[in-house]
Amino acid sequence: MLEIGSALLVFALLLAVTLAGMVIKPLLPEEHKAHETVQLVQLVVGMLMTFAALVLGLMTASAKTNFDTLTNDFRGYAADLIQLDVALRDYGADADGARLNLRRYTAAAIASTWSAEPAPAGDDYPKDVPAQNAQERLENLRLSVMLNNAEQQARQLVPNDAYHEKVMAVALNQFDRVIRARWKLIEVSHSSISQPFFAMLTFWLMVIFLSFGLIAPRNALALVTIILGALSIASAIYVIVDLDTPFSGPIVISSQPMRDALFHLSH
């Protein structure tokens, strides 16, 4: 809902300052409506529009880069989980307990991170991981404990020959990779939008639309054009914020890599 609220707020502010400009325009002295003054206003507005377009482009690029990075990191994380399970499977039946905890962790991570989607099958893992947002779900202590328990079970195994020693070394190294990858996901999933940057952009847009209200003719076509412009800006803000909140809204990180990993872990 953050993306909808941000877009609606920007849209309402732009319309409000435009209407304020239209109301103020008839009250201005005639010298403020001279051709030279209007030209100066248009030059300043053009400069602000250039800056606003640059900032919008930077924010879009930043949000998209963060979204793509998180998507690729989840794919890599799913691959690390599969490789870890393969190493534990190669060790033999003694590692079945660690494999079971790893599968439970993966299922719980899917159910909590993508809570709007159907949870994986099975009742042997927690599905009610409480959190206010996706970042808290990724960092959840219960998920950490489940993954750590799987690692501890693997570390407690005592290899009885050189082959099992090598396999266990690979498995423990893979555990380290999984834990590092998990914390990287947690860090990357945080917002990449600078709030002062966003506030500055909103201020510039308000100045631009205030100027539109001051110089625009008072007719229906001009008003409709300004409304469409404000709607276009608000939709761009919506997309930026939606990309920056990758686990909510219509644009979300796909859970398929993790579900594919769970499928491999369950067989």
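Salt bridges and buried residues

Analyst: Let us begin with E117, which counts as partly exposed because its relative accessibility is 29%. Buried means under 20% relative accessible area, exposed over 50%, and partly exposed in between (1.4 Å probe, protein chains only). This is a predicted model, where local features need pLDDT of at least 70, side-chain atom pairs count only at pLDDT 80 or more, and totals for chains, interfaces and linings use all residues. Residues are numbered from 1 along each chain as its sequence is written, and side-chain values use heavy atoms, without hydrogens and water.

User: Okay, which residue forms a salt bridge with E117?

Analyst: The partner is R259, and the closest N and O atoms of the pair are 3.4 Å apart. R259 belongs to helix α9 (residues 256–265), while E117 sits in the loop between α3 (96–113) and α4 (134–139), so the bridge ties together parts that are 142 residues apart in sequence. By salt bridge I mean a side-chain nitrogen of Lys or Arg within 4 Å of a carboxyl oxygen of Asp or Glu, and helices (H or I, at least four residues) are DSSP runs, numbered from the N terminus.

User: Is R259 buried or partly exposed?

Analyst: R259 counts as partly exposed, because its relative accessibility is 22%.

User: How far apart are N and O in the bridge between D85 and R89?

Analyst: The side chains of D85 and R89 meet with an N to O distance of 3.0 Å. Both residues are in helix α2, and because they are four residues apart there, about one helical turn separates them. D85 counts as buried, since its relative accessibility is 2%, whereas R89, at 39%, counts as partly exposed.

User: How many salt bridges does a search of the whole structure find?

Analyst: The search finds eight salt bridges. One of them is between the side chains of D80 and R177, at 3.1 Å from N to O. This pair links distant parts of the chain, with D80 in helix α2 and R177 in helix α6, 97 residues apart. D80 is buried, because its relative accessible area is 8%, but R177 counts as partly exposed at 36% relative accessibility.

User: Staying with helix α2, where is M47 found?

Analyst: M47 is found in helix α2, which covers residues 35–91, and with a relative accessible area of 43% it is partly exposed.

User: New topic: which residues of α1 are buried?

Analyst: The buried residues of α1 are E3, S6, A7, V10, L14, V17, T18, G21 and M22, and what covers them includes α7 (195–215) and α8 (220–244).

User: And what does E3 touch?

Analyst: Leaving out residues up to four places away in sequence, E3 touches Y238, V241, D242, T245, S248 and G249, where contact means heavy atoms within 4.5 Å. E3 itself counts as buried, because its relative accessibility is 3%.

User: Last one: is M168 buried or exposed?

Analyst: M168, which is found in helix α6, is buried, because its relative accessible area is 5%. Not counting residues up to four places away in sequence, M168 touches Y91, A154, L157 and P159. T65, by comparison, is 103 residues away from M168 along the chain, and the C-alpha atoms of these two residues are separated by 37 Å.

Definitions and conventions:
Helix = DSSP H or I, 4+ residues; strand = E, 2+ residues; numbered from the N terminus.
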